[in-house]
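Please open the model in your viewer and keep the selection tool at hand.

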Amino acid sequence: MKKCYTVAGLFFGDESKGSCVDWLVRNTDSDLIVKYSGGCQAAHNVVDENGRFTFSQIGANLARPIPTYLWRNFIVDPLAMLNEAEALQEFLGGEDPLKNVYVHPYCPIVMPEHIEQSRKDVLNHGTCGRGIGACRHKSRTEEHITALDIIDGDYSLPERVREWTSRVYIQRQPPEFKTAIFEGSQGILLDESVGFHPHTTWSTVRFDAAHACYRHLGIGQHLNIGCIRTYMTRHGNGPLPTEAKLGLKDVGNPTNKYQGEMRYGYFDEVLFKYALANAGDKVDYIALSHCDETQKYVCKEYFGDGKVI
């Protein structure tokens, strides 16, 4: 029976999902990574004895070469993937990482106009400037370009995009496998259905977002791992109820034009319970990271207007 471990963030993203995936590759018999939600805006940091690498569209894994499969919900930026692959090959040495990347034909493709639009709308939603929202909106409301279209369609595309199609596998199924790791994106508190609007992502990032892919791949058994830090973070607009000056710095999440500075807060038990209740499936395990940065206080309830709320 095929099985999988599904990894998702329980907060606002940046909960060490990449490190969790890399740990699973090192400590289980996993032979495939599936990216089932989100897209090219991901920044999953993995650190080993050689340094730090930030993964986006390739499975977060510095341990050993196993295939990455991009499910049909994943938004792809071919040019950014080429850059990521070249950087990863320089970091690790060896063969072209794209020889191990399998892309579902229906994956939506980020086009230059999507990126341009997102960078004009910095304050309306909480953009990271990568064109994700514009691409997802178009994919749901009108004709859009998929990975299959790049191969079969008569589009005027940069030569580097044509190069991308020759270096990845665009097909409905990944290679044969026994145990997969489903690598999630963002966090449940940013989910388009249960997050806090308007500061949400344009994807369903709960555990149940993977269920259709389970059926497609014939997976019969799964375990869900929810990732959290010992404190709260948020990179971008939106509420962070326990926000405080904690004196922390995350080198993997630098200040940028679209999201501003990384924000920090004390651990929020209220939001933790909310995430567990709205995770879309049972959370079997918690992966707790940044234990060396554990903070003094924990928020257990909210208080306002003279009463607990």
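A pocket is an open set of grid points with protein on both sides within 12 Å along at least five of seven lines, and its lining residues have an atom within 4 Å of a point. The model shown here is predicted.

Begin by selecting Pro65, Leu88, Leu92, Pro97 and Asn100, which lie nearest the centre of the second largest pocket among its 21 lining residues. This pocket holds about 380 Å³ of space. Its lining consists of 10 nonpolar, 7 polar and 4 charged residues. Next, select residues 78-92: this is helix 2, which gives the largest share of the lining, 3 residues.

Now select Phe182 and Tyr214. Their ring centres are 5.1 Å apart and their planes stand at 75°, so this pair is edge-to-face. Phe182 belongs to strand 8 and Tyr214 to helix 8, so the pair ties together parts 32 residues apart in sequence. Both Phe182 and Tyr214 are buried.

Finally, select Cys20 and Cys227. The sulfur of Cys20 has its closest cysteine sulfur in Cys227, at 4.1 Å, which is too far for a bond, because a disulfide requires sulfur atoms within 2.5 Å. The structure holds 0 disulfides.

Technical notes. Residues are numbered from 1 along each chain as its sequence is written. This is a predicted model: local features need pLDDT of at least 70, side-chain atom pairs count only at pLDDT 80 or more; totals for chains, interfaces and linings use all residues. Side-chain values use heavy atoms; hydrogens and water are left out. On a 1 Å grid over the protein atoms alone, a cavity is a set of points where a 1.4 Å probe fits but cannot get out, and a pocket is an open set with protein on both sides within 12 Å along at least five of seven lines; lining residues have an atom within 4 Å of a point. Grid points are joined across faces, edges and corners, and a volume is the space filled by probe spheres set on the points. Helices (H or I, at least four residues) and strands (E, at least two) are DSSP runs, numbered from the N terminus. Ala, Val, Leu, Ile, Met, Phe, Trp, Tyr, Cys and Pro count as nonpolar, Asp, Glu, Lys and Arg as charged, and the others, Gly among them, as polar. Rings of Phe, Tyr and Trp (its six-membered ring) pair if their centres lie within 6.5 Å; planes under 30 degrees apart count as stacked, over 60 as edge-to-face and the rest as tilted. Buried means under 20% relative accessible area, exposed over 50%, partly exposed in between (1.4 Å probe, protein chains only).
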